[in-house]
Amino acid sequence: MANVAKKVSWSGRDRDEDEDGRAGETTPLLNGTGPGAAGSGRQLTPSSFLRIGQLSNVDLNEDIHELETEVPRQRPNEIPHNEKLLSLKYESLDYDNSENQLFLEEERRINHAAFRTVEIKRWVICAMIGILTGLVACFIDIVVENLAGLKYRVVKDNIDKFTAKGGLSFSLLLWATLNASVVMVGSLIVAFIEPVAAGSGIPQIKCYLNGVKIPHVVRLKTLVIKVCGVILSVVGGLAVGKEGPMIHSGSVIAAGISQGRSTSLKRDFKIFEYFRRDTEKRDFVSAGAAAGVSAAFGAPVGGVLFSLEEGASFWNQFLTWRIFFASMISTFTLNSVLSVYHGNAWDLSSPGLINFGRFDSEKMGYTIQEIPIFIFMGVVGGILGALFNALNYWLTMFRIRVVHRPCLQVIEAMLVAAVTATVGFVMIYCSRDCQPIQGSSVAYPLQLFCADGEYNSMATAFFNTPEKSVVNLFHDPPGSYNPMTLGMFTLMYFFLACWTYGLTVSAGVFIPSLLIGAAWGRLFGISLSYLTKGSIWADPGKYALMGAAAQLGGIVRMTLSLTVIMMEATGNVTYGFPIMLVLMTAKIVGDYFVEGLYDMHIQLQSVPFLHWEAPVTSHSLTAREVMSTPVTCLRRIERVGTVVDILSDTSSNHNGFPVVESNPDTTQVAGLRGLILRSQLIVLLKHKVFVERANLSVVQRRLKLKDFRDAYPRFPPIQSIHVSQDERECMIDLSEFMNPSPYTVPQEASLPRVFKLFRALGLRHLVVVDNRNEVVGMVTRKDLARYRLGKEGLEELSLAQT
């Protein structure tokens, strides 16, 4: 299990450094250090530290060390994984401002004009986020269109040549080799350079906005690998889409612009320094995620609602306006650039990466008697979505246990690419569904064994990018597809998409889900047309749209945002009500069986994710029962050596320390005076803000908030700070730097009340006090996240080091 976090987790770092089995030694923390990097100084006793979740900790080191004594330095072929564990390696983000003296003095110095300037800067940043997100989407779209077009033209010419003179096996070999080669490159850069760029990135961004620090998730290197990876995945013919990763890309762009510097490039542009803290960064990342949705689907309102429903944990009215502004700028930028690229500079007809096309109400309207049919389609979508998620769950468990080495992950991606090409070729080869080519909008018509002037209908689904296949299923006239063709395509593509999601490639699940749903929805519409003897209302395109909504809703379980996204993408408000009914039904039915795909993958990674509400049966628990104890406290005027030893201790790695009164009389109660963070202490030690004797209140240099912002977000490790023996005997006054008004709760507070306070305010630490204001415990994210509602009622997860 110690190796699971290194091989398959979102952190994805230090895979090989931990081969000797020392669990969690190089686990990334907020300040960039690992608990295994031993520091100088005396070793404190364990009793002086806060033991997080001490009653339910699982020591995973024992089994690893037993294995090490028997077979030294041998990597296991299979890694055990237990889903009922909560990982301690994920740190929390500080979404609550530390209102210490430095912060309050700066805020008081800022006048009304300065506040207006800060507000203008926020709007400028949001505009920049929208422009850059739109440009990145344009780049992806143009490169994919050209590379995929080149590949399909080469394969089509080859198939046409060998159809005439025999030897189609060479065409199959060419198609499979091209796919596998392109996907190999895409998988290599993800597996070996930046593993967190794998997948769509939506679960990781959800966790980030929830307050969980996912290492490397919003770095520039992640963006580069994400963009290159998604291009190669789509061109490689995998059952993936390029829309989902746009949400991650927009979030990385937002995180980078809002800080006014790049830590990866080591360049500081000395702008936007005011926003260098987690609270501000979170708001801009919300705007970036919304801009990504807007660029992907041409749905700015849907982007705002997506950020609200799936992403942002904390919301306000001003933030809504700024996010909507970023979304509108994003879709306008994409629209303008693509219109110029396509030679129609004044025709803004490309609002998103995928355009469903116009659904005409006159030709494709719906009647009241179709509402029950749509609800039934929602039930089918919920069941199929639950099946998709269940299959993907077991496949992901298998990958965690067996396919945990980067080289194996690349081989699996190549295998899936080759199998996808082979399945597509065999189904096209076996299909005899020929349609007249005249009047059709097929990009790469394959004739194969069809008569002159006809094309193979199966090829329009497989021999194309998924986005174009979806639009074809929506808008091709009745009779364009044989029911057998649609049925076989749905079955095969369902399993291919399920196998593909979770590979070590950058890819999204939105478009494959829409394509599966559109295929079986169109089949459903054709069947209805047969049953009703060609009734005019049974238009297959309309049912393809409802099937697409049902399938996507059944997999990802979004309702509000997905309804608006589908409405905006179709350009028809009339379909809003049936789409909403379909999505609600699919979610209700799907939730009865399993969780949504994103929540499932968050749970598989053992992330301490906090949902909107505490478990409904948790009122019997109080803060006393869930808090971590004992707590490591610091005195208001503390000895430097003590601070260094506490920060260097590898058994705890706490990030928040209550500050109590410096009272030499131990008979009196040491009441709570404030809270100080590890990152703040490290900056104080780095700048040597201490005095020789406790009775002195002056310091050599007064720190400013700029010193803390310059160190954010990669604070130096404690091991890099040299403290001499003489300096260890000095004292450090924490009064000016601690938060003098931390949030506290009494021991008797119920778990739902503690949860609501912690979740709504975006806290990282919540101090538990008794009736004398004495610190008795600390509630952190892990203490709350370990309680969840299981099939048999309230259950408590075990806490593990990995």
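Q: Are phenylalanine 374 and tyrosine 543 buried or exposed?
A: In this predicted model, both phenylalanine 374 and tyrosine 543 are buried. A residue counts as buried when its relative accessible area is under 20%.

Q: How many aromatic pairs does the structure hold, and how is the pair of phenylalanine 374 and tyrosine 543 arranged?
A: There are 24 aromatic pairs in the structure. In the pair of phenylalanine 374 and tyrosine 543, the rings are 5.7 Å apart from centre to centre, with 50° between their planes, and the pair is tilted. This pair links distant parts of the chain. Phenylalanine 374 belongs to helix 13 (residues 371-401) and tyrosine 543 to helix 19 (residues 540-556), and the two are 169 residues apart.

Q: Why is the pair of phenylalanine 462 and phenylalanine 489 edge-to-face?
A: Planes over 60 degrees apart count as edge-to-face. The planes of phenylalanine 462 and phenylalanine 489 meet at 75°, with the ring centres 5.1 Å apart, so this pair is edge-to-face. Phenylalanine 462 lies in helix 15 (residues 457-462) and phenylalanine 489 in helix 17 (residues 483-500), so the pair ties together parts that are 27 residues apart in sequence. Both phenylalanine 462 and phenylalanine 489 are buried.

Q: Which residues do ring pairs link into a cluster?
A: The cluster linked by ring pairs consists of Tyr152, Trp175, Phe425, Tyr429 and Phe463.

Q: Where does arginine 282 lie, and where does the charged end of arginine 759 sit?
A: Arginine 282 lies over the face of tyrosine 95, 4.7 Å from the ring centre. The charged end of arginine 759 sits over the ring of tryptophan 612, at 4.6 Å from its centre.

Q: What does the secondary structure of the protein chain come to?
A: The protein chain has 29 helices and 19 strands. Of its 802 residues, 59% are buried. Among contacts with a separation of 6 or more, 79% are between residues 24 or more positions apart. The accessible surface of the chain is about 32,200 Å², and carbon and sulfur atoms account for 60% of that surface.

Q: How many residues of helix 19 are buried, and what span should helix 19 have?
A: Helix 19 is mostly covered, with 17 of its 17 residues buried. At 1.5 Å a residue, helix 19 should span 24 Å, and its end C-alpha atoms are 24 Å apart, which agrees. Arginine 557 follows helix 19 and has a positive phi, near 65°.

Q: How many residues of helix 6 are buried?
A: Helix 6 (residues 202-210) has 9 of its 9 residues buried. Its buried residues include Ile202, Lys206, Cys207 and Asn210. Glycine 211 follows helix 6, and its phi is positive, near 115°.

Q: Which cysteine residues form a disulfide, and why is the disulfide left-handed?
A: The count comes to 1 disulfide. Cysteine 434 and cysteine 450 form this disulfide, with their sulfur atoms 2.0 Å apart. The torsion about its S-S bond is about -85°, so the disulfide is left-handed. Cysteine 434 lies in strand 7 (residues 434-436) and cysteine 450 in the loop between strand 7 and strand 8 (454-456), so the pair ties together parts that are 16 residues apart in sequence. Cysteine 434 is partly exposed at a relative accessible area of 25%, whereas cysteine 450 is buried at 8%.

Q: Which peptide bonds are cis?
A: Most peptide bonds are trans. A cis peptide bond joins threonine 629 and proline 630, with omega about -5°. Proline 630 is in the loop between helix 23 (623-626) and strand 9 (634-635). The bond from tyrosine 712 to proline 713 is also cis, with omega near 0°, and proline 713 lies in the loop between helix 26 (705-711) and helix 27 (725-728).

Q: What is the phi of lysine 270, and what is the phi of phenylalanine 272?
A: Most residues other than glycine have a negative phi. Lysine 270 has a positive phi, near 60°, and phenylalanine 272 has a positive phi, near 55°. Lysine 270 is found in the loop between strand 6 (267-268) and helix 9 (278-297), and phenylalanine 272 lies in the loop between strand 6 and helix 9. Lysine 270 is exposed, with a relative accessible area of 52%, whereas phenylalanine 272 counts as buried at 11% relative accessibility.

Terms used: Residues numbered from 1 in each chain as written. Predicted model: local features only at pLDDT ≥ 70, side-chain atom pairs only at ≥ 80, totals over all residues. Heavy atoms only, no water. Phe/Tyr/Trp six-rings, centres within 6.5 Å; stacked < 30°, edge-to-face > 60°. Helix = DSSP H or I, 4+ residues; strand = E, 2+ residues; numbered from the N terminus. Buried < 20%, exposed > 50% of the residue type's maximum accessible area, 1.4 Å probe, protein only. Lys NZ or Arg CZ within 6 Å of the ring centre and 35° of its normal. Contact = heavy atoms within 4.5 Å. Areas by Shrake-Rupley, 256 points an atom, 1.4 Å probe, with all protein chains shown as cover. Disulfide = S-S within 2.5 Å. Expected span 1.5 Å × (residues − 1).
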